2 protein chains.
Amino acid sequence: MELREALYTTRAMRRVSDKPIPKDVQARILDAAVRAPSGGNAQNWRFLLVDDPAVKAQLGPIYRDCMDILWSSYYAERIAEAEADAESEDSKQFFRVKKSAQHLADHFEGYPLLLFAFSQHDPSGGSIYPAVWNAMLAARGEGVGSALTSAMLFKINDVLPVLGVPEGEGWHMSACVTFGYPTGKWGVAARTPVEDVSFQNHWGQPLDFKVDGPLFP
Amino acid sequence: MELREALYTTRAMRRVSDKPIPKDVQARILDAAVRAPSGGNAQNWRFLLVDDPAVKAQLGPIYRDCMDILWSSYYAERIAEAEADAESEDSKQFFRVKKSAQHLADHFEGYPLLLFAFSQHDPSGGSIYPAVWNAMLAARGEGVGSALTSAMLFKINDVLPVLGVPEGEGWHMSACVTFGYPTGKWGVAARTPVEDVSFQNHWGQPLDFKVDGPLFP
């Protein structure tokens, strides 16, 4: 696959089939992950693949609890706003994202493969998220969809024992990624244009060039 | 460029020429950055490009101070260890990384383009580092090298006023990326093998498949 196609079409793919991910595909996903940079090239990371239904069965209810917490805390105000103005494009878009995120929770045990990424001594996330994103891009190149979620952090003390993560070694769970073959189509996600989120040389100063994106295809 | 070539050969490129990065290339780099995912698709990010020599001249000395702090604090013990065992492969590798990082500091004003990435409400980094890494991968596709550094956080209170970042809005500087056309060659970086950093279904349980990486070319 061409690089730009991957960069533009690797969007959250939460509607997937239960078709297993072949081992050679999993190997290419993980091997791409470890090519990412990390501070001082320390590679203080661990990657835990989960495909055992018994483990997923323990994690599913925890994840749904986490999503309940997410909606009723962090997103409570946003949900109230969107409900008060349900016909606006913004609200409709928000409810689409919310529905898709809830779909992931409701079908958690159905994803054929999960990846948990852990890091040590990485308060910024800069030494683990490039690796996580490499895994997701590599998956895209294999036709495998993925979605990243950090919501499990709400009940991390319930999650870590299920995965057997040792205590006292400083391992921080950064993300959970679900993988699966999409039931829908790949496409370029809409985004706020570059001009609206970019500056040149000083905060607030517009770019001195135009970006008529999306610049793919 | 093929996706896997980009994933495997986008390594820290700190030795670059002062040849400017064309505006259409900068546009493709930024437009790829905003395609990344963010929590709730909130896109709470800002990208600040710096190519003004006057701004770089203010930042260079601050960055070198930050690197002095980094070596004398976070890395002090590691440096002492490496000096005590200077002939080991580990120590040699460490000093190569250190020399390369110091090269970046010593030549900071010479990089033709800098990118500062900011995020709001993103304690994990999961909503900004995929975008930063997309920018670096897109640059690779254009033949432009890049290197990511967070060391400026040591003197962030000196950096933010230079860039004009507003106070009280919760903008967090996540990373600085240097860009430039490499004077050396692209290659696949050595990494700890996947088997040594990956588990299956439970922490400590080996993968149930082999990864004879690097799986590129």
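Copies are superposed by least squares on the C-alpha atoms of residues with pLDDT of at least 70 in both. On that basis, a rotation of 180° with 0.0 Å of shift along its axis places chain A on chain B, with an RMSD of 0.0 Å. The two copies are thus related as by a two-fold rotation axis. This is a predicted model, in which local features need pLDDT of at least 70, side-chain atom pairs count only at pLDDT 80 or more, and totals for chains, interfaces and linings use all residues. Residues are numbered from 1 along each chain as its sequence is written, and chains are lettered from A and ligands numbered from 1 in the order in which they are written.

**Interface between the chains**

- Contact between the chains involves 68 residues of chain A and 69 residues of chain B, two residues being in contact if their C-beta atoms, placed from the backbone, lie within 7 Å.
- On the side of chain A that touches chain B, at least two residues each come from α1 (3-9), α2, β1 (45-50), α6, β4 (172-180), α8 (194-197) and β5 of chain A. Helices (H or I, at least four residues) and strands (E, at least two) are DSSP runs, numbered from the N terminus.
- By class, this side of chain A has 38 nonpolar, 20 polar and 10 charged residues. Here Ala, Val, Leu, Ile, Met, Phe, Trp, Tyr, Cys and Pro count as nonpolar, Asp, Glu, Lys and Arg as charged, and the others, Gly among them, as polar.
- The copies meet through the same surface, because 100% of the interface residues of chain A are also interface residues in chain B.

- An open sheet of 5 strands, with mixed pairing, runs in the order β5(A)-β1(B)-β2(B)-β4(B)-β3(B). Two strands pair if DSSP finds at least two bridges between them.
- The edges are held by β5 (198-200) of chain A and β3 (145-149) of chain B; each has a single partner strand, so one side of each is left without a neighbour in the sheet.
- Neighbouring strands of this sheet are turned by 20° against each other on average, direction ignored.
- β5(A) and β1 (residues 45-50) of chain B run parallel and are joined by 3 bridges, with A:Gln200 opposite B:Leu49.
- In the antiparallel sense, β1(B) pairs with β2(B) over 6 bridges, and B:Leu115 in β2(B) is the bridge partner of B:Leu49.
- β2(B) also pairs with β4 (residues 172-180) of chain B, antiparallel and over 7 bridges; there B:Cys176 is the bridge partner of B:Phe116.
- A further pairing between the chains joins β1(A) to β5 (residues 198-200) of chain B, parallel and over 3 bridges, and A:Leu49 stands opposite B:Gln200.

**Burial of strand β2(B)**

- Strand β2 (residues 113-119) of chain B is mostly covered, with 7 of its 7 residues buried. A residue is buried if 20 or more other C-beta atoms lie within 10 Å of its own, exposed if 12 or fewer, and partly exposed in between, with C-beta atoms placed from the backbone.
- B:Leu113, B:Leu115, B:Ala117 and B:Ser119 point one way from β2(B), while B:Leu114, B:Phe116 and B:Phe118 point the other way.

**Helix packing in chain A**

- The axes of α2 (residues 23-33) and α6 (residues 129-141) of chain A come within 7 Å and cross at roughly 145°. Axes are lines fitted to C-alpha atoms, for helices over the stretch in contact, and angles run from 0 to 180 degrees between N-to-C directions.
- Among the residues that meet are A:Arg28 and A:Ile29 in α2(A), and A:Ala131 and A:Asn134 in α6(A).
- The residues of this contact divide into 8 nonpolar, 1 polar and 1 charged.

**Backbone features**

- Most residues other than glycine have a negative phi, and most peptide bonds are trans.
- B:Gln43, in the loop between α2 (23-33) and β1 of chain B, has a positive phi of about 50°. With 19 C-beta neighbours inside 10 Å, B:Gln43 is partly exposed.
- B:Asn201, in the segment after β5 of chain B, has a positive phi near 70°. With 18 C-beta neighbours inside 10 Å, B:Asn201 is partly exposed.
- A cis peptide bond joins A:Gly213 and A:Pro214, with omega about 0°; the bond from B:Gly213 to B:Pro214 is cis, with omega near 0°.
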